[in-house]
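Biologist: I would like to learn how to read a model like this one. Could you take me through some features, one at a time?

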Amino acid sequence: MGIETPNGFKLDNSGKRVVVDPVTRIEGHMRVEVNVDANNVIRNAVSTGTMWRGIEVILKGRDPRDAWAFTERICGVCTGTHALTSVRAVENALDIKIPENANTIRNIMQLTLQVHDHVVHFYHLHALDWVDVVSALSADPKATSALAQSISDWPLSSPGYFRDLQGRLKKFVESGQLGPFKNGYWGHAAYKLPPEANLMAVAHYLEALDFQKEMVKIHTIYGGKNPHPNWLVGGVPCAINIDGTGAVGAVNMERLNYVSSIIDQMITFTEQVYLPDLQAIGSFYKDWLYGGGLSSTSVMSYGDIPEHANDYSPSSLKMPHGVILNGNLKEVLPIDHKDPAQIQEFVTHSWYKYPDETKGLHPWDGVTEPHYELGPKAKGTRTNIEALDEEAKYSWIKSPRWKGNAVEVGPLARYIIGYAQGKPEFKEPADKLLTDLGVPLTALFSTLGRTAARALECQWAVHQLRYFQDKLMASLKAGDLATANTDKWSPDKWPAEAKGFGFTEAPRGALGHWIKVKAGKIDNYQCIVPTTWNGSPRDPKGNIGAFEAALMDTPLADPEKPLEILRTLHSFDPCLACSTHVMSPDGQDMATVTVR
Amino acid sequence: MPSARAPADSTKPLRGGRRALVLGIGNILWADEGFGVRAVEAFHRDHVLPGDVTVMDGGTQGLYLVNYLEGIDDLLVFDAIDYGLEPGTLKLVRDGEVPKFTGAKKMSLHQTGFQEVLSAAELMGFYPGRLALIGCQPLDLEDWGGPLTQAVAGRIPTAIEAAVAILTEWGYAVGRREAPLAEGEALLGNDIDHAAYERRAETGIGT
């Protein structure tokens with residue numbers, strides 16, 4: 001039976017059902033079910049997942065100044081982004097202004113997180129969807145060296161370097177414990193790189209692992225400690241004493257110079273390793289342009305990285321702000337986080353209850369009442385679902401919509417909006433990459449485009465880091481050492497009731513927190529995280545979300561080994577299994593694939 | 001702000017140059033998932049340690065925790081373990097027994113288990129020489145926002161005793177803390193320390 005969704009996708013769930021359930025031991029996380037036609041092309045996609053839903057319960061009645069410490073625990077990777085969003089929400093509610101230096105340091109923290117996340121995502125979570133590790137064993141080190149030197153000036157590129165690395169890798173593989181490389185679909189037909197490109201990519205996998213250690217030292221310096229840096233309503237908890245000495249206490253010149261040197265290394269690594277790798281890998285996959293989903297029609301970015309403290313208007317935000325609908329790149333629509341008719345969450349297909357489920361709720365009025373029930377067409381049992389019924393409730397993720405529209409968020413969305421606005425810092429690098437690869441603009445609307453946008457954004461971000469670090473130094477040298485405003489620290493300076501919102505662009509997309517404060521305590525707190533936007537189930541009108549849309553019409557080389565599905569979902573850098581990491585005693589395959 | 005990590009100038013070799021990391025991992029917001037963090041928090045609250053032992057709340061940092069294994073010879077981890085045992089069962093795992101599998105088909109960074117951290121450490125050439133995992137079988141992982149269950153919370157003192165014994169065996173002098181920790185010196189602050197977090201859960205405010 002075929003149906004057409006309001007957002008333009010033809011769904012047909014009559015074909016063979018393929019279920020990919022990454023973690024079966026623990027309820028939920030992320031699971032997708034697709035129907036393929038006789039040619040193994042995806043004709044229906046159903047994405048479901050577990051999403052954090054208890055923060056309002058935990059935070060109610062607590063001190064708003066502590067909310068960041070709780071929200072930081074929602075997610076192991078977006079820690080700093082959640083904390084930043086939280087302090088912005090509280091400052092918005094209580095009308096607290098932060099000093100310029102605090103804004104600059106927060107931008108440096110946030111940009112560092114962006115760069116770190118993008119690099120780790122590309123090399124350690126996503127690369128193996130494109131790179132065949134086992135194939136790297138048969139590479140010719142000399143040819144690998146020639147390839148590496150043809151695309152970059154990065155010094156680690158001699159034949160001897162690649163020969164040593166290949167030897168190490170061989171030993172690792174032969175020891176029978178592939179470690180991070182275990183459970184790959186090695187040898188799958190959807191891998192297109194020659195052995196030499198695979199070996200080069202594996203080398204950079206290890207170099208990136210080593211280098212990311214340096215990057216996070218910026219968080220330690222400005223956040224006081226790591227993991228879990230400190231944050232502060234009213235500024236940053238980071239005293240600066242440029243005349244001080246030693247490694248402990250206030251941040252001094254030696255620490256500031258250290259940050260500066262890490263930023264230089266980040267620029268070099270991004271431009272000499274990450275981008276050339278992206279381009280090299282992309283050149284072998286430029287015919288594989290599936291996975292665009294909503295990106296060619298509906299994208300959204302709240303924007304981030306304010307140039308000026310306390311100014312979150314689009315003109316101050318260096319990361320693009322706005323919404324594109326219906327593929328109309330000529331018009332970028334503004335977002336109002338306060339407007340009850342703009343951002344709303346629906347639960348028609350989510351395991352929650354609303355008094356009236358035809359309507360959505362703005363986060364200030366949000367409720368989270370679980371209601372788990374499977375639809376009549378579901379197969380299996382409540383605790384062991386074999387197949388979901390997507391016509392009924394089928395996910396723990398709510399469906400956020402902007403003015404009723406499903407949108408994609410994340411690096412590709414941001415990049416498309418910046419491109420549509422004609423901003424040269426986004427348009428020029430994208431045009432150059434497209435030209436170099438010899439593909440049209442429409443190639444951007446794909447899984448590969450999403451992966452490329454992340455790399456291009458990383459390059460933008462490292463230069464922004466340089467800019468803000470220089471801005472901080474200039475401010476300090478001019479004698480402005482203020483990093484926090486404590487005028488309204490005491491709750492007796494707050495109104496009896498207040499509400500506010502804070503937003504950021506997390507590495508994986510738009511993140512918003514909404515807060516209500518009453519008598520000095522939190523009265524309501526709601527978060528909408530990026531993966532809620534991208535991973536949302538259908539809404540009352542039947543619009544499918546970004547994950548589901550991106551899987552549509554993708555051919556699978558082998559439905560038993562759906563590498564293509566993982567590749568596209570990974571390209572979103574989803575943050576579903578935010579918290580559970582319980583150890584299990586053996587090395588069983590964590591992802592299972594069932595074909596029915 | 002307090003950091004449990006030893007100051008940078010204490011890197012001089014004390015115990016034949018060996019250094020230890022005591023790490024608690026898990027998510028405090030997900031009921032028994034918080035076991036590791038709550039155990040290391042209590043361990044730190046009650047004990048004084050030599051400068052070559054670092055105590056860390058690793059949260060759910062996943063792969064990023066590999067960064068803290070560099071230069072570490074002896075690693076002791078508290079964590080929730082799914083061994084399919086009775087809830088609240090403690091299990092001590094040593095060295096090569098500590099599972100090192102990783103799921104390469106993970107969907108996101110957050111799914112990286114500690115096994116992956118160990119594999120990455122091995123690839124990078126700083127796998128710890130001695131390794132001990134004090135695991136506790138969880139009862140409830142799905143009570144989002146809930147406290148540790150009694151079955152798990154009640155095992156924290158025993159888990160800590162085991163940790164003290166292992167560190168002592170490894171040659172690190174662990175002592176009881178005489179004076180209570182000053183405010184601001186605890187491993188977790190800003191109302192997310194165990195007592196403050198569960199006070200809320202017990203009174204049921206906001207539920």
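Modeller: This is a predicted model.

Biologist: What is the value of phi at Asn310(A)?

Modeller: The general idea comes first. Most residues other than glycine have a negative phi, and most peptide bonds are trans. Here, Asn310(A) has phi near 70 degrees, a positive value in a residue other than glycine.

Biologist: How exposed is Asn310(A)?

Modeller: A residue is buried if 20 or more other C-beta atoms lie within 10 Å of its own, and exposed if 12 or fewer do. Asn310(A) has 18 other C-beta atoms within 10 Å, so it is partly exposed.

Biologist: Which residue can I read next in this way, and where is it found?

Modeller: Take Asn40(A), in the loop between strand S4 (30–36) and strand S5 (42–49) of chain A. Its phi is positive, about 60 degrees, although it is not a glycine. With 17 C-beta neighbours inside 10 Å, Asn40(A) counts as partly exposed.

Biologist: Which form does the peptide bond from Asn226(A) to Pro227(A) take, cis or trans?

Modeller: That bond is cis, with omega near -5 degrees. Pro227(A) sits in the loop between helix H9 (217–223) and H10 of chain A.

Biologist: Now to helix pairs. At what angle do helix H10 and helix H13 of chain A pack?

Modeller: Angles over 145 degrees count as roughly antiparallel. Helix H10 (residues 253–285) and helix H13 (residues 447–477) of chain A pack at about 165 degrees, and their axes are 10 Å apart. H10(A) and H13(A) are therefore roughly antiparallel to each other. Their crossing is left-handed. Sorted by class, the contact of H10(A) with H13(A) has 16 nonpolar, six polar and two charged residues.

Biologist: How do the axes of H6(A) and H7(A) cross?

Modeller: The axes of helix H6 (residues 141–151) of chain A and H7(A) come within 8 Å and cross at roughly 125 degrees. The two helices, H6(A) and H7(A), are therefore oblique to each other. H6(A) passes H7(A) in a right-handed crossing. On the H6(A) side the contact is made by Pro141(A), Lys142(A), Thr144(A) and Ser145(A), and on the H7(A) side by Pro159(A), Phe162(A), Arg163(A) and Gln166(A). By class, this contact of H6(A) with H7(A) has three nonpolar, three polar and two charged residues.

Biologist: Where is Gly187(A), and what comes on either side of its loop?

Modeller: Gly187(A) is in the loop between H7 and H8 of chain A. It has 10 other C-beta atoms within 10 Å, so it is exposed. Not counting residues up to four places away in sequence, Gly187(A) touches Asp132(A) and Val134(A). Gly187(A) and Leu317(A) are 130 residues apart in sequence and 45 Å apart in space, C-alpha to C-alpha.

Biologist: How many residues of helix H2 of chain B are buried?

Modeller: Nine of the 11 residues of H2(B) (residues 114–124) are buried, so this helix is largely enclosed by the rest of the structure. Among the buried residues are Phe114(B), Val117(B), Leu118(B) and Leu123(B). Their cover includes helix H7 (159–174) and helix H8 (195–215) of chain A, together with strand S1 (20–25) and strand S4 (74–80) of chain B. Just after H2(B), Gly125(B) takes a positive phi of about 85 degrees.

Biologist: How many helices and strands does chain A have?

Modeller: Chain A has 16 helices and 17 strands. Its radius of gyration is 24 Å, close to the 25 Å that the globule rule gives for 596 residues, so chain A is as compact as a globular protein of that length. Its C-alpha atoms fill a box of roughly 65 × 65 × 55 Å along the principal axes. Buried residues make up 56% of the 596 residues in chain A.

Biologist: How many helices and strands are there in chain B?

Modeller: Chain B has five helices and seven strands. From the N terminus on, its elements run β-α-β-β-β-β-α-β-α-α-β-α. Of the 207 residues in chain B, 52% are buried.

Note on methods. Residues numbered from 1 in each chain as written. Chains lettered and ligands numbered in written order. Predicted model: local features only at pLDDT ≥ 70, side-chain atom pairs only at ≥ 80, totals over all residues. Axes fitted to C-alpha atoms, helices over the stretch in contact; angles between N-to-C directions. Helix = DSSP H or I, 4+ residues; strand = E, 2+ residues; numbered from the N terminus. Parallel < 35°, antiparallel > 145°, perpendicular 65-115°, else oblique. Left-handed = near helix turned anticlockwise from the far one by under 90°. Nonpolar A, V, L, I, M, F, W, Y, C, P; charged D, E, K, R; others polar. Rg over C-alpha atoms; globule rule 2.2 N^0.38 Å. Contact = placed C-beta atoms within 7 Å.
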